[in-house]
Amino acid sequence: MNLTLKIWRQKSPQEKGKMVEYKVTDISEHMSFLEMMDILNESLVAKDEEPIAFDHDCREGICGMCSLHINGEPHGPDRGITTCQLHMRMFKDGDTIYIEPWRAKAFPVIKDLIVDRMAFERIQQAGGYISVNTSGNTQDANAIPIPKVNADLSMDAAACIGCGACVASCKNSSAMLFVSAKVSQFALLPQGKVEAADRVRNMVKQMDEEGFGNCTNTGACEVECPKGISLENIARMNREYLKASII
């Protein structure tokens, strides 16, 4: 498989970026997308050119690091996968592939395809935790009865890996799917009830301060989410926020 790649290159946050064209040849359809990027970088290094910077870590769809906008879609043309799980069989010989970083004010480009997603970390630090009394009288979590439906919904919300595809897919660059998943995973469990009001208020406030936009209600975030996080979490977060506002 021979391909033309048009890739966003930007040396620093201050420098204006641009699309640069590269050619790759003899690409197997069984390769992952990041393996193809590795081959391109190896060829660039062999020519004493600077390799393309892109985020990656586990390459198992767990860490959420591999954040690439491919042909106008976060994580590329497949569904329910991260970029590292995307395979070259999703493309055809002779295709031109456009590769860009996430596009959002709150995700400034660091270099090439790498963006700063510390905004997500600051939102979680604002309220994505529970305080536990460790005085010796702590109740065993396994001894607390929880309806199975709530436990399942909480686990579904906790599956969010914070990759930012929801933000990248939203025309308003909204982070509400991410924030609502982090709110929901605690709101559905007894351990999260004590700080529920402060949590949702603080996390939503931090989300707004980071510069994320409002929800568009178009559902693009759910479609592009590699973990299938449901829009129902946004509705739950809105209910939690309303309750917290009238307490």
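Reply: Start with burial. Cys 225 has 11% relative accessibility and counts as buried. Here buried means under 20% relative accessible area, exposed over 50%, and partly exposed in between, with a 1.4 Å probe and protein chains only. Cys 221 is also buried, with a relative accessible area of 11%.

This is a predicted model: local features need pLDDT of at least 70, side-chain atom pairs count only at pLDDT 80 or more, and totals for chains, interfaces and linings use all residues. Residues are numbered from 1 along each chain as its sequence is written, and side-chain values use heavy atoms, leaving out hydrogens and water.

Now the bonding. The structure holds 0 disulfides, a disulfide being a pair of cysteine sulfur atoms within 2.5 Å. Cys 221 is in none; its nearest cysteine sulfur, in Cys 215, is 6.1 Å away. For Cys 225, the closest cysteine sulfur is that of Cys 163, at 6.3 Å, too far for a bond.

Next, the helix pair. H6 spans residues 196-209 and H8 spans residues 232-246. Helices are DSSP runs (H or I, at least four residues), numbered from the N terminus. The H6 and H8 axes come within 9 Å and cross at roughly 110 degrees. Axes are lines fitted to C-alpha atoms over the stretch in contact, with angles from 0 to 180 degrees between N-to-C directions. H6 and H8 are therefore roughly perpendicular, a term covering 65 to 115 degrees.

In H6, Ala 196, Ala 197, Val 200, Arg 201 and Val 204 meet Met 237, Glu 240, Tyr 241 and Ala 244 of H8. Contact means heavy atoms within 4.5 Å.

How values were computed:
Helices (H or I, at least four residues) and strands (E, at least two) are DSSP runs, numbered from the N terminus. Angles under 35 degrees count as roughly parallel, over 145 as roughly antiparallel, 65 to 115 as roughly perpendicular and the rest as oblique.
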